[in-house]
Amino acid sequence: MAVSGGGLRVLFATSEIAPWVKTGGLGDVSAALPAALAAEGLEVRVLVPAYPALLAAFPERRPLARIEHPAGALRPALLSQPAAAGGPPLLLLESAEDYRRPGGPYQDRGGRDWTDNALRFGLLSKAAALLASTDTPLDWQPDVLHCNDWQTGLAPAYLRYRLRPRAATVMTIHNLAFQGVFEPALLAALDLPASAMAIDGVEFHGRISFLKAGLQHCDRITTVSPTYAREICEPAHGAGLDGLLRWRRERSAADLTGILNGIDTGEWNPATDASIAARYSIDTLEAKAVNRRALAGRLGIDAPPDTPILGMVSRMTLQKGTDLVLAAAEALVASGARLAVLGSGEPAMEEAWRELAAAHRGRIGVRIGFDDVLAHLVEAGADLFLMPSRFEPCGLNQMYSLAYGTPPVVHATGGLADTVVDCNASTRTAGTANGFSFTGASVPGLLAAVARAIEAWRDPPLWRELQRNGMARDWGWSTAARRYAQLYRSLRPGDA
Ligand code: ADP
Ligand code: GLC
C-alpha cells in the first residue's frame with residue numbers, strides 16, 4: 001500500500017534519464033527512483049534538459065511555462081511536458097541552443113566537453129531552483145527539490161542568493177570525482193553575486209564549483225551507499241571536499257547519509273529480459289548456458305564448458321579499474337579463462353583493449369562502444385563478472401550480475417563492499433556468500449580473487465549456492481524509495 005509519501009511533492013532534477021540519455025548509472029537511477037517514489041505514494045516530477053533523443057521520443061509536448069530571461073548569460077527556455085509518457089511526468093527544459101546538439105549530454109561526438117557546459121547546466125540548475133521557489137511559474141509546487149550531481153549543484157545556491165525558497169533541498173552525490181569546476185570569470189554570466197565567491201559559497205580553490213555549491217547550500221546530502229558516505233569524509237576519497245563533508249556530518253549526522261541504490265527489476269530481470277537469448281530464473285539456471293553460447297558467438301570467443309567466461313561491462317576509466325583487468329588479462333587467459341568485455345571511455349584504454357583482443361583472438365572478445373542489448377547478454381552469459389573499481393559510489397553492474405546468477409569479483413570499496421559478500425567459511429555458514437572481493441586495488445589482488453572464484457566455479461554445488469544467494473535477494477528500489485521518502489518527510493515542516 002502506498003502510505004509513506006503522504007502527498008509529498010518532489011521535483012527530481014537530473015541531467016540524464018534512461019533509456020533516452022544515459023552515460024552511466026545516473027541515467028538508470030533517474031528513471032527508476034522517481035518511479036519507485038511514485039509507487040510509494042509521492043507525487044514526483046522529473047526535470048531534464050530536452051536533448052534530441054527526448055524531443056524525438058516525445059514529439060507531442062504541452063508547453064507549460066516560459067523561462068524568459070533567467071539573467072546573466074543563461075539563455076531563455078521553455079518548460080514542456082510530453083503528452084504521454086509512462087511513469088512520473090517529465091518536465092523538459094527546452095533550449096535548442098543549449099541542448100539540441102549531436103553527441104552526448106556533456107561532450108561532442110569527438111569526446112570533448114562542450115565549452116559552454118557551465119551555462120548549459122547553470123540553466124538547468126536555475127530552472128530547478130525557480131520551480132522550487134516562491135516565483136515558480138507552475139501551479140505544481142514541490143515540497144522537496146532533489147538535485148543530482150554537479151549538473152544541478154547550483155540550484156541550492158540560486159535558492160540561497162537569488163530566489164526565495166519554497167522547497168527544501170536534497171543533493172545526492174553519485175560521483176564525487178565529477179565536480180563541475182569552472183573559471184571564476186563566469187560568476188556574473190551564471191547570475192551569481194560577487195559575495196557567492198567565498199569559502200562558504202560556491203568558491204573552490206579560486207574557481208566556481210557546482211558540486212561544492214550544492215553541498216554547501218542544500219538542506220541534506222545523500223550519497224548512493226553507506227560505505228561511500230563514510231569514505232568521502234576521508235582525504236583518500238574526498239576529492240578535496242572531505243573537509244566540507246566532515247563539517248556537515250559533524251553539524252548533524254542527518255546531514256549526510258548513504259542510501260544504497262536499487263536496480264530496475266523491470267529492466268534487469270533474467271526471467272523477463274527480452275535482450276537475452278534465453279530467459280531463466282533461480283529455478284531454471286540451466287538455461288543460462290544458452291546465453292553463454294550466444295555471448296561467446298557474439299564476441300567471437302571459443303568457450304568450451306570447462307573454461308570460465310569472465311564478463312565486464314564498464315566505462316573504461318581509472319575509476320573502474322579496467323586497466324587492472326587489462327594488466328591481468330594475459331595471466332587470466334593463460335590460466336584457461338576467457339574474457340568478454342564491453343566498454344568505452346579513455347581512448348588509450350579502448351585502444352589497448354582492441355590490441356589485446358587482436359592478439360588473443362578467440363579468447364578475449366572485446367566490443368568497444370555503448371550497447372545496451374549486449375550489456376544484458378554479458379550479464380546473463382558470463383560465468384562471473386569483474387568489477388575491480390578503485391572507488392565505486394554504488395555501482396549497478398555488480399547488482400545486475402547478482403540478480404543474473406553471475407557472481408561478481410570486486411574490489412571491496414563503496415557500494416561494492418555493501419552488496420558483494422565474499423565467499424569464505426563464515427559467510428557460507430551464514431548463507432550470505434554471493435561473490436568474491438579483495439582489498440587494495442592491485443593486479444595481484446584481482447588475480448588472487450579471480451583464482452578463488454574459478455576454483456569455486458569448478459565446484460557446481462558451491463557455485464549454485466552463490467548464484468542462489470545473489471538471485472534470492474530483492475535488489476529492487478522499494479527499500480531505497482522508502483528511505484528517501486522518510487528523508488523528504490523529515491524536511492517538510494510539521495511532518496517530521
Ligand atoms: P557508472 O555510472 O559509474 O558508470 P554504474 O555501475 O552505476 O557505473 O552504472 C553503469 C551503467 O551503465 C550500467 O547500467 C551499465 O550497464 C551501463 N554501461 C556502462 N558501460 C556500458 C557500455 N559500454 N554499454 C552499455 N551499457 C553500459
Ligand atoms: C555514478 C557512480 C556509480 C553509481 C551511479 C548511480 O555514476 O559512479 O557508482 O552507481 O552514479 O548512482
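Let's start at ligand 2, where one of its oxygen atoms sits 3.4 Å from an N or O atom in the side chain of Asn175. Keep in mind while reading that this is a predicted model.

**Around ligand 2**

His174 brings a polar side-chain atom to 2.7 Å from an oxygen atom of ligand 2, and Asn261 places a polar side-chain atom 2.8 Å from an oxygen atom of ligand 2.

The shell around ligand 2 is made up of 14 residues, and the closest are His174, Asn261, Glu392, Cys394 and Gly395. Helix α1 gives the largest share of this shell, three residues. Sorted by class, the shell around ligand 2 has six nonpolar, six polar and two charged residues.

**Around ligand 1**

Ligand 1 is surrounded by 21 residues, with Gly25, Arg315, Lys320, Gly369 and Leu396 as the closest. Seven residues of the shell around ligand 1 are nonpolar, eight are polar and six are charged. Strand β13 contributes the largest share of that shell, three residues.

Which atoms meet ligand 1 through N or O? For Asp371, a backbone N or O atom lies 2.9 Å from a nitrogen atom of ligand 1. Leu396 also uses a backbone N or O atom, placed 2.8 Å from an oxygen atom of ligand 1. Asn397 works through its side chain, where an N or O atom is 3.2 Å from an oxygen atom of ligand 1. On its own, ligand 1 exposes 560 Å², and the protein buries 94% of that. Two or more residues of the shell around ligand 1 come from each of α1 (25-39), β13 (309-316), β14 (338-345) and α14 (397-403).

Here are the contacts with both ligands, gathered for quick reference.

| Residue | Part of the residue | Ligand atom | Distance |
|---|---|---|---|
| Asp371 | backbone N or O | nitrogen of ligand 1 | 2.9 Å |
| Leu396 | backbone N or O | oxygen of ligand 1 | 2.8 Å |
| Asn397 | side-chain N or O | oxygen of ligand 1 | 3.2 Å |
| His174 | polar side-chain atom | oxygen of ligand 2 | 2.7 Å |
| Asn175 | side-chain N or O | oxygen of ligand 2 | 3.4 Å |
| Asn261 | polar side-chain atom | oxygen of ligand 2 | 2.8 Å |

**The second largest pocket**

Rolling a probe the size of a water molecule over the atoms shows where empty space is left. The second largest pocket has a volume of about 430 Å³. Its lining counts 18 residues, and those nearest its centre are Ala289, Arg292, Asp383, Trp457 and Arg464. Helices α10 (288-299) and α18 (460-472) each supply at least two residues of this lining. By class, nine residues of the lining are nonpolar, two are polar and seven are charged.

**Two buried residues**

Thr419 belongs to helix α15 (residues 414-419). Is Thr419 buried or exposed? Its relative accessible area is 0%, so Thr419 counts as buried, the cut-off being under 20%. The side chain of Thr419 makes a polar contact with the side chain of Gln398 at 3.2 Å, and also reaches the backbone oxygen of Gly415 at 2.8 Å.

Gly238 is found in helix α8 (residues 235-238). With a relative accessible area of 0%, Gly238 is buried. Gly238 and Leu176 are 62 residues apart in sequence, while their C-alpha atoms are 7.3 Å apart in space.

Note on methods:
Residues are numbered from 1 along each chain as its sequence is written. Chains are lettered from A and ligands numbered from 1 in the order in which they are written. This is a predicted model: local features need pLDDT of at least 70, side-chain atom pairs count only at pLDDT 80 or more; totals for chains, interfaces and linings use all residues. Side-chain values use heavy atoms; hydrogens and water are left out. A residue is near a molecule or strand if one of its heavy atoms lies within 4 Å of it. A polar contact is a pair of N or O atoms within 3.5 Å; within protein, one must be able to donate a hydrogen and the other to accept it, and residues adjacent in sequence count only if both atoms are side-chain atoms. Accessible areas come from the Shrake-Rupley method with a 1.4 Å probe; for residues, only the protein chains shown count as cover. Helices (H or I, at least four residues) and strands (E, at least two) are DSSP runs, numbered from the N terminus. Ala, Val, Leu, Ile, Met, Phe, Trp, Tyr, Cys and Pro count as nonpolar, Asp, Glu, Lys and Arg as charged, and the others, Gly among them, as polar. On a 1 Å grid over the protein atoms alone, a cavity is a set of points where a 1.4 Å probe fits but cannot get out, and a pocket is an open set with protein on both sides within 12 Å along at least five of seven lines; lining residues have an atom within 4 Å of a point. Grid points are joined across faces, edges and corners, and a volume is the space filled by probe spheres set on the points. Buried means under 20% relative accessible area, exposed over 50%, partly exposed in between (1.4 Å probe, protein chains only).
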